[in-house]
Structures are given as structure tokens and as C-alpha cells.
Amino acid sequence: MTRTDRQRLETLLDSHFVEAMWDERAHLSNLKEKLEAATVVDSREMLPDIVTMNSTVKLFDIDRREAETFTLVYPEEACIAEGKLSILSPLGTEVLGRRVTERFSLQVLTVKTRKRVENISFQPERSGVFGL
């Protein structure tokens, strides 16, 4: 995880906005644990096959055999109709830090789904965009 992403996400998790929804969202505890366990690197050292904030990623739903493309964003930028997935959503939390070809399972409400990271078409660090 980049140093910048970790700092911004820690600030977000400490905000009153997130604090107000914490009890209803178990995946936020997982995000906090992910931040604490992450290997932190400078943005220029980030590997190109890892999902970072503001990355555009194609996810393949293994069960439905369909692919969707999302950009992982901070909550104020989220708009699922535009493919902008909030880091505070269960899927957003789960995809952060994943590598291309990596598989994962996710349960939202009563529905369990399996996904695979197909590709990353844009990663800010790979493109030399460090201010997002």
C-alpha cells in the first residue's frame, strides 16, 4: 500500500462520518486491519499489478461469469452508475491491495460471490500520477 493511501484512509476511518456508520458495517473493521497489516511503500515503488486507490480494475464474477469495471475511490467521489466504487463499500474494501489474477470471496447481506481481479487498466502510481 502506498504511504499516501494509508494516511488518507486512516484519516477517513477516524472521521465522524465513518464513526457514525461503524456499528453497521463489519467490513470497516477489516479495512482497518488491512491498513495495520499492510506493507507500506513509496508511490514510486508500487508494483503495477496491485489495486491502489483511484485504480481502475476489471473484476470477473466467477459465479455469474460476467466482468465489471470499477474505479476505486474515496466516498465523496463514489457513483456506482459511473463505475466509481467507494472504498467504504464491502467490495471496495475487499479489492484494495489485491493483485491481478487474485481470487477472493465476498458476502454482502445474504449473497456470497466469488471474484477475480482480471486486470488494472489504470493505476495512478504506474502512470506517474501521485496526487490523486
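These legends accompany close-up views of a predicted model.

**View 1. The second largest cavity and its lining.** A search of the whole structure finds 2 cavities of 30 Å³ or more. The second largest cavity, shown here, has a volume of about 40 Å³. M1, T2, D5, M46, I50, V51, T52, L96 and G97 form its lining. By residue class, this lining is made up of 5 nonpolar, 3 polar and 1 charged.

**View 2. The second largest pocket and its lining residues.** The second largest pocket holds about 170 Å³ of space. Its lining consists of D61, D63, R64, E68, F70, L91, L106, V108, V111, T113 and K115. These residues divide into 5 nonpolar, 1 polar and 5 charged.

**View 3. Strands that contribute to the second largest pocket.** At least two lining residues come from each of β2 (66-73), β4 (103-108) and β5 (111-122). The largest share belongs to β5, which supplies 3 residues of the lining.

View 4. R98 sits in the loop between α4 (90-95) and β4. The relative accessible area of R98 is 15%, so the residue counts as buried, the cut-off being under 20%. Leaving aside residues up to four places away in sequence, R98 touches D49, I50, V51, R103, F104 and V117. Among these contacts of R98 are I50 and V51, and both residues also belong to the lining of the second largest cavity in View 1.

Definitions and conventions: Residues numbered from 1 in each chain as written. Predicted model: local features only at pLDDT ≥ 70, side-chain atom pairs only at ≥ 80, totals over all residues. Heavy atoms only, no water. 1 Å grid on protein atoms, 1.4 Å probe; cavity = no way out; pocket = protein on both sides within 12 Å on 5 of 7 lines; lining within 4 Å. Points joined across faces, edges and corners; volume = space filled by probe spheres on them. Nonpolar A, V, L, I, M, F, W, Y, C, P; charged D, E, K, R; others polar. Helix = DSSP H or I, 4+ residues; strand = E, 2+ residues; numbered from the N terminus. Buried < 20%, exposed > 50% of the residue type's maximum accessible area, 1.4 Å probe, protein only. Contact = heavy atoms within 4.5 Å.
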